[in-house]
Each structure stands twice: as structure tokens, then as C-alpha cells.
Amino acid sequence: MQIISKVLYRQILTMAVSVAIALCISFYLSKEQSFWLPLTTFCVSLYISTPVTALRRTVHRILGSIYGVLLAGSVILIWPNLYTSLFFLILFAGLTLWSRAFVSLYYLFVCFMTASVIMLLSILMAGTNLTPDYLITERLIFTLSGALISLFCSFIFMPPLESLDILKTYRHYLTRFILDYTAVFNEITNSSSRTNCTSPNSINTTHDNITSKKLLKELHASSVAYAEKMPIWKWQLFFNQFIYQSLAKYLHRIYNMRILTSLLHSSLKSFLVQELKSSQDLYNHQMVQKLLQKNFITTKHIIHKLEALKRVDATQALAELQKNNKELDQIVLLNNITELKTSIIIIHELENELEHLVSGPMQHYLYLQQNN
Amino acid sequence: MLGFINYIRHDLEGVYTAELLRGSISMLVACILLLVTPSTNASAYMLIIALYGLRSLTPLPLLKRMIHLLFSLILLCSTLIGAIILGQKEQYLLAVIFSTIFSAWTVYLLDRKNHFAGTMMFMSVFMIVNFGMGQTEVAQSITINDLLYSCLLGSSCVLIAALVVPVVNFHWCLLINHCFYHDLKLLCRYILKAPDYGSQYELPLKTRDQLLKLESSLLNILNHVKSPVRQQLYQDLTKGLILIIFWPSAHTDKNHLITVNRLRRKALQNIIDILIYHKNIEPCLEQLSYEKPSTVFDPFCNGEFTKHIDKVVTDALYLSKWEQLNTKKQERI
């Protein structure tokens with residue numbers, strides 16, 4: 001909470017100082033179109049939390065302005081009359097609102113916004129000595145200067161939050177996975193105990209459906225966050241492609257682990273709710289349940305250690321998990337429990353994913369960043 | 001068409017489309033008024049109000065929404081007039097103070113996700129731009145009465161647009177389904193084109209990214225399907241598809257890997273044939289049943305993978321039949 005308010009304070013400070021500086025410079029220049037300078041500074045300073053997000057918005061702003069100027073400039077130069085200007089004003093205004101749907105393509109919004117403002121100004125300035133090419137040239141120079149002021153202020157006032165933000169995301173996704181895993185294990189344990197009390201056919205299918213839907217919804221939220229975050233990460237890790245790719249791989253792994261968890265749910269359930277015919281079956285069943293419980297606790301332990309960036313402890317816990325999984329393998333092989341074969345593949349796949357997470361470069365990077 | 005689908009995918013709720021319509025109507029009315037009303041030096045400011053006066057409508061009763069909009073317009077018009085007057089009188093210090101306060105306040109309100117943030121943002125923009133405009137030669141002869149008249153006309157355009165398109169969002173109806181099938185086809189094709197894989201990490205990073213985006217898009221579309229039956233059918237199919245695509249087969253023997261990949265391809269091809277090309281569906285089912293190995297001959301996955309595939313293709317068949325019945329019903333109506 002304190003971090004949020006600190007960030008907000010810096011954001012407000014960056015905005016206030018950069019707008020004030022830009023306004024003073026624009027008054028000093030005292031040109032007809034110098035208000036573009038503080039306007040660009042204002043637009044770039046919105047929605048930024050780190051200097052790199054400011055850089056991203058600056059590049060988009062400049063690119064969008066150039067495209068917009070080219071677009072509107074061509075229209076004004078080819079059809080220099082009021083009716084055409086009005087027609088294109090409506091068109092560009094509509095396209096500005098349309099482009100808002102493409103959140104990650106900020107330059108598209110800036111492009112149409114610039115084009116519509118230039119059309120508006122060409123109508124507003126009609127009958128003056130301000131020619132369209134003058135308006136266009138001024139616009140480009142002032143946009144560039146305004147964006148640079150905002151960028152400069154953000155580098156001074158904004159804290160370099162990239163690593164902190166990455167760590168937050170890293171922990172968030174680990175938590176999401178372990179929550180899924182816990183939900184699946186709780187449900188399996190519950191349905192197993194229910195079955196032991198009643199008959200195997202009395203599985204609460206509605207409850208299963210709810211869990212399945214919840215998992216699917218969560219998975220969606222996770223993938224949406226991924227799709228929205230990745231373009232920003234690409235900029236945040238602009239100078240570190242290796243870490244960016246590692247982060248992408250890490251997020252893929254978590255996504256895969258969550259799908260594996262939902263698969264584990266359906267494959268384990270069929271085994272745990274089956275009718276036990278002999279004492280050997282009962283023994284096997286209890287042993288498997290015990291090992292699965294141990295697997296769950298160890299996995300949770302590994303995740304907590306990963307979240308705390310304690311790689312050595314996580315490695316030790318991983319060794320324990322591997323040992324535990326081997327025991328499970330042996331029971332399945334010795335007793336030829338065919339119902340558990342898919343679960344075994346999934347558990348090994350999860351173990352493999354955890355191994356990658358423990359030894360992955362993200363752990364090293366975040367550990368170093370935190371210690372620095 | 002692809003651009004349109006891409007657009008719908010980004011605006012599944014239809015919020016931006018409603019705004020687009022309102023904005024275009026507002027500008028159209030403003031342009032007509034500009035041409036038909038007596039021209040003054042401040043006429044063009046009507047366009048500014050019509051262009052930037054529209055706020056995103058919140059899901060409130062219409063009357064409340066209109067009151068909010070009216071309040072927002074009063075603030076914007078006051079800022080516009082105030083900024084021009086300050087510009088005409090070259091009150092630099094006041095301009096800096098107001099612009100800085102408005103800008104800082106915008107950042108605060110945006111962080112708090114306040115509905116007033118949009119109005120405050122444009123108050124800042126109006127303060128900056130119109131102070132500059134007020135300093136120009138053209139603006140020197142503008143009177144308050146002219147400005148008030150233009151603001152009144154501009155605000156009318158905004159209110160007319162908000163009344164003509166009073167909805168907060170649009171539902172894309174059948175186009176949503178079209179989007180779903182489009183993304184489903186793309187997803188299946190990506191896997192069909194990809195080489196055999198045991199784990200998704202064997203696929204190139206770009207393909208994995210695309211897969212994730214398409215899956216996310218499919219799951220997102222699901223949330224916007226109105227019919228509960230259709231939503232359930234789409235959901236079953238999507239979930240099944242994700243499981244097939246991500247089915248774990250790494251670190252298993254070569255035979256197992258080949259089997260899983262062959263079955264996966266066959267299922268995906270069947271799904272495309274059934275749902276996209278509307279091929280005769282019965283032979284597909286027979287072919288699949290013939291292909292379905294028994295648990296004895298499928299020791300690697302304990303028959304679970306084939307069970308999953310069977311379920312997904314059956315879901316696709318069921319969806320196809322349901323679609324056919326639905327179309328027939330609509331034709332009869």
C-alpha cells in the first residue's frame with residue numbers, strides 16, 4: 001500500500017513538474033502553436049509508472065504524431081477546402097474513438113487524434129496567415145520537445161520499479177499456481193472422503209463443474225494479464241532481451257503448470273473415487289493418498305521458497321519431491337495401477353517444470369536485483 | 001474482414017463502438033451546425049466541445065447519466081472560456097497554476113479509477129490548449145457571448161449524441177460466434193502446422209505466444225456469449241481443446257509421442273472439418289470410433305487421452321448439430 005502511494009506521489013510530482021516546465025518554455029517561445037509542447041508533455045506523463053513506460057509512451061507519441069501529421073497534412077494539401085476538412089474531421093474523430101479499443105497500440109490513437117486536431121486547427125485558423133505546412137512543422141518540433149521534457153522528468157522523479165514490478169508479477173503467478181493446486185487437492189481429498197462414506201457413483205458432479213469452471217476462468221484471467229503485460233515488459237526489459245525471454249518462458253511454464261493441474265484433477269479423481277475391492281487395494285489407495293499429500297506439501301514448500309527467492313532451500317525441497325515421486329512411481333509399477341498412469345506423467349511434468357523454475361534465470365536475476 | 005474480427009476481439013463488450021458512434025454523431029451534428037448557424041470568431045470552439053465533451057458513459061439510469069454529462073460539460077465549457085480569457089489577458093502565472101493543479105489532479109483521479117478522471121483530463125487539456133489559443137490573433141476579438149453561444153451549441157451536439165446512442169455497450173450477436181469459430185480455426189491450424197511435440201516448449205516462442213493469445217481470446221469470447229446453452233457448448237469445446245494441445249507427453253517413449261501427436265492432429269482436423277467446413281459429420285464420428293483404441297492397446301495414457309479426444313470431438317459434433325437445429329429454427333421463424 002505504501003509502495004502504491006509512493007508511486008502515485010512520484011507520478012503526480014512528475015506530471016506537475018513536467019507540465020510546469022513545458023508551460024514555461026512554451027511561454028518563453030511564445031509561438032502560435034507552442035501549446036503543443038505542454039500538451040504532449042501532459043499526454044506522455046499520463047499512465048506512466050516507471051521511466052521505461054514513459055519512454056514507451058514517448059516513442060508511441062512521436063511515431064503517432066508523425067503518422068498523424070503525414071495523414072492530415074496530405075488531406076489538407078490535396079483538398080484544401082472547408083467541406084473536405086469537415087468530412088475528414090468527422091472521420092478522424094471517429095477513428096480516434098475506434099482506435100481506443102487497441103490499448104497496446106497507443107500510437108494509433110495518437111495518430112488519429114493528431115490528424116483530427118490538425119483538421120480542427122485548419123478550420124479554426126482558416127483566414128489567418130498560418131499555413132497548414134507551418135502548423136505541421138511546428139507540431140512535430142513541439143511534440144518531440146514536449147515528449148523529451150516528460151521523459152527527462154520521469155527519469156529524475158520516477159523510481160526505477162522494473163525489478164520490483166517483475167518480482168511482484170513473479171510472485172503473483174507462483175501464488176496463482178499454488179492456489180489452483182491447493183483447490184484441486186482439497187477437492188480430490190474431499191471427494192475421496194465422500195466416496196469412502198457413500199458409494200462411488202455419488203460424486204458431486206455439480207461441485208466438480210464449479211471447480212472446473214473456476215479453474216478455466218482463472219486461467220483466462222492469467223492469460224489476459226499475460227497478453228496485456230507482455231508488451232509493457234518488452235519495453236521495461238528493453239535493454240535485456242535475455243531476461244525478457246526468460247520471463248516469457250517463465251509465464252508459459254506457469255500457464256502450462258496450471259493446465260496440468262486441471263488435468264491432474266480429472267485423472268486423479270477417477271482413481272481416488274473408485275470402489276475398493278480388496279485389502280491390497282485399500283493399502284495401495286492409502287499409500288498413494290499419503291504420497292500425494294506429501295507431494296502437495298513439498299510442492300507448496302518449493303513455491304514458497306521460490307517466492308522468497310531462496311533457491312538453495314527450494315533445491316533441497318525439490319530433491320525431496322523427486323524422491324517422493326519415485327516412491328509413487330514404484331507403487332504404481334509394482335501394483336500395476338493403470339488408473340494412475342496419466343497422473344504419473346503429469347506429476348513428473350510438474351516436477352520437471354518446478355526444476356526449471358528453481359534453476360531458471362529469473363530466480364538469479366530477481367535475487368541479484370533484490371540484493372542490489 | 002480480418003481487421004473487423006480483430007476489432008471485435010478488442011471490443012467484445014462493444015463499449016468503444018458505442019463511444020465511436022456517439023463521437024461520430026456528435027461531430028456530424030457539430031459540422032452541420034457550423035455550416036447552418038451564423039458564423040462567429042468562436043464558431044470552431046463548438047467543434048472542440050463536440051469532439052472532446054463526450055465521456056465514457058457509466059452504467060447508470062439514463063437521467064443520472066445525462067446529469068453527469070451535463071455537469072461534465074459545464075466544467076469543460078467553464079475551463080475553455082476561462083482559459084481563453086486568461087490567454088487573451090496573458091495571465092501566465094495563473095495558467096501555470098491551474099494547468100499544473102489540473103494535471104496533477106488527473107493523475108490522482110486516474111489512479112483512484114474515479115469516473116471524474118476523464119473530465120479532469122480534458123479540463124487539463126482545455127486549460128493548456130485554449131490558453132495557447134487565447135493568445136493568438138484570431139482569439140483576441142472573441143467575446144464571452146460568442147464563446148457561450150458556441151459552447152451551448154457544442155454541448156447540445158454532445159447531449160444529442162448521448163440521447164441517440166444511450167447504450168453503454170453493444171452486443172455483437174452473431175458476430176461473436178463468427179469470432180469464436182475464426183479463432184478456433186486459427187488455433188487448430190497453428191497446431192496442425194507445428195511439428196510433432198512432446199511438450200509445448202519444443203514449439204517456437206512465437207508460436208507459443210500465438211497459442212496463448214488465441215486461447216485467451218477464445219476464453220474471453222466465451223464470457224460474452226449470451227445464450228447459456230451456446231456458452232456451455234463453447235466452454236466444453238475450448239476446455240477440451242486446451243487439454244488436448246497441452247497434453248503432457250514429454251519424457252515418454254517415442255511410440256507414445258507419435259501416438260499422442262497423431263491423435264491430436266486427427267482430432268483437430270476433425271474439429272475443423274465439422275465446425276468450419278461443415279463436412280458430413282457422421283463418417284467423422286465413425287472414423288473416430290474406429291480409431292479409438294481400447295485401454296489394453298493404449299497402455300501409455302491409460303486411455304485417458306483418447307477419452308479426452310473422444311469427448312472433444314463429440315462436443316464439436318454436438319455443437320455442430322445444435323447450430324444446424326438453431327439455423328433451421330430461425331429459418332422456420
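This is a predicted model: local features need pLDDT of at least 70, side-chain atom pairs count only at pLDDT 80 or more; totals for chains, interfaces and linings use all residues.
In chain A, the secondary structure consists of 13 helices and zero strands. Chain B likewise contains zero strands, and its helices number 14. Chain A has 372 residues, of which 55% are buried, while buried residues account for 54% of the 333 residues in chain B. The accessible surface of chain A is about 16600 Å², and carbon and sulfur atoms contribute 62% of that area. For chain B, the corresponding surface is about 15300 Å², with 64% belonging to carbon and sulfur atoms.

Contacts within each chain were also examined according to separation in sequence. Among the contacts in chain A with a separation of 6 or more, 80% involve residues 24 or more positions apart. In chain B, 77% of the contacts between residues at least 6 apart in sequence join residues at least 24 apart.

The largest nonpolar core comprises 198 residues, and the members that touch the most others are A:Tyr250, B:Leu47 and B:Leu80. Helix H9 of chain A, which spans residues 241-272, gives the most to this core, with 14 residues. A second, separate core has five residues, among them A:Ile48, A:Ala54, A:Leu55 and A:Leu151. The surroundings of B:Leu47 include residues of both chains. When residues up to four places away in sequence are not counted, B:Leu47 touches A:Leu86, A:Leu89, A:Leu120 and A:Ile123 of chain A, together with B:Met27, B:Ala30, B:Cys31 and B:Leu34 of chain B.

The packing of two helices in chain A was considered next. Two packed helices are described by the angle between their axes and the distance between those axes. The axes of H9(A) and helix H10 of chain A (residues 279-307) come within 11 Å and cross at roughly 150 degrees. Since angles over 145 degrees count as roughly antiparallel, H9(A) and H10(A) are therefore roughly antiparallel to each other. On the side of H9(A), the contact is made by A:Leu268, A:Phe271 and A:Leu272, and these meet A:His285, A:Val288, A:Gln289 and A:Leu292 of H10(A).

In chain B, helix H5 covers residues 92-111 and has 20 residues. From the first C-alpha to the last, this helix reaches 29 Å, close to the 28 Å expected at 1.5 Å a residue. Buried residues of H5(B) include B:Ala95, B:Val96, B:Ser99, B:Thr100, B:Phe102 and B:Val107. B:Ser103 also lies in helix H5 of chain B. With a relative accessible area of 0%, B:Ser103 is buried, because the limit for burial is under 20%. Apart from residues up to four places away in sequence, B:Ser103 touches A:Met15, A:Val19 and A:Phe42 of chain A, as well as B:Ser124 of chain B. Just after H5(B), B:Lys113 takes a positive phi of about 55 degrees.

B:Gln91 is placed in the loop between helix H4 (62-88) and H5 of chain B. The relative accessibility of B:Gln91 is 35%, and this residue therefore counts as partly exposed, a class that lies between the limits of 20% and 50%. Leaving aside neighbours within four places in sequence, B:Gln91 is in contact with B:Leu86 and B:Phe131. B:Gln91 and B:Gln135 are 44 residues apart in sequence, and the distance between them in space is 10.0 Å, C-alpha to C-alpha.

Notes: Residues are numbered from 1 along each chain as its sequence is written. Chains are lettered from A and ligands numbered from 1 in the order in which they are written. Side-chain values use heavy atoms; hydrogens and water are left out. A nonpolar core is a set of buried Ala, Val, Leu, Ile, Met, Phe, Trp, Tyr and Cys residues joined through side-chain atoms within 4.5 Å. Buried means under 20% relative accessible area, exposed over 50%, partly exposed in between (1.4 Å probe, protein chains only). Helices (H or I, at least four residues) and strands (E, at least two) are DSSP runs, numbered from the N terminus. Contact means heavy atoms within 4.5 Å. Accessible areas come from the Shrake-Rupley method with a 1.4 Å probe; for residues, only the protein chains shown count as cover. The expected span of a helix is 1.5 Å times one less than its number of residues. Axes are lines fitted to C-alpha atoms, for helices over the stretch in contact, and angles run from 0 to 180 degrees between N-to-C directions. Angles under 35 degrees count as roughly parallel, over 145 as roughly antiparallel, 65 to 115 as roughly perpendicular and the rest as oblique.
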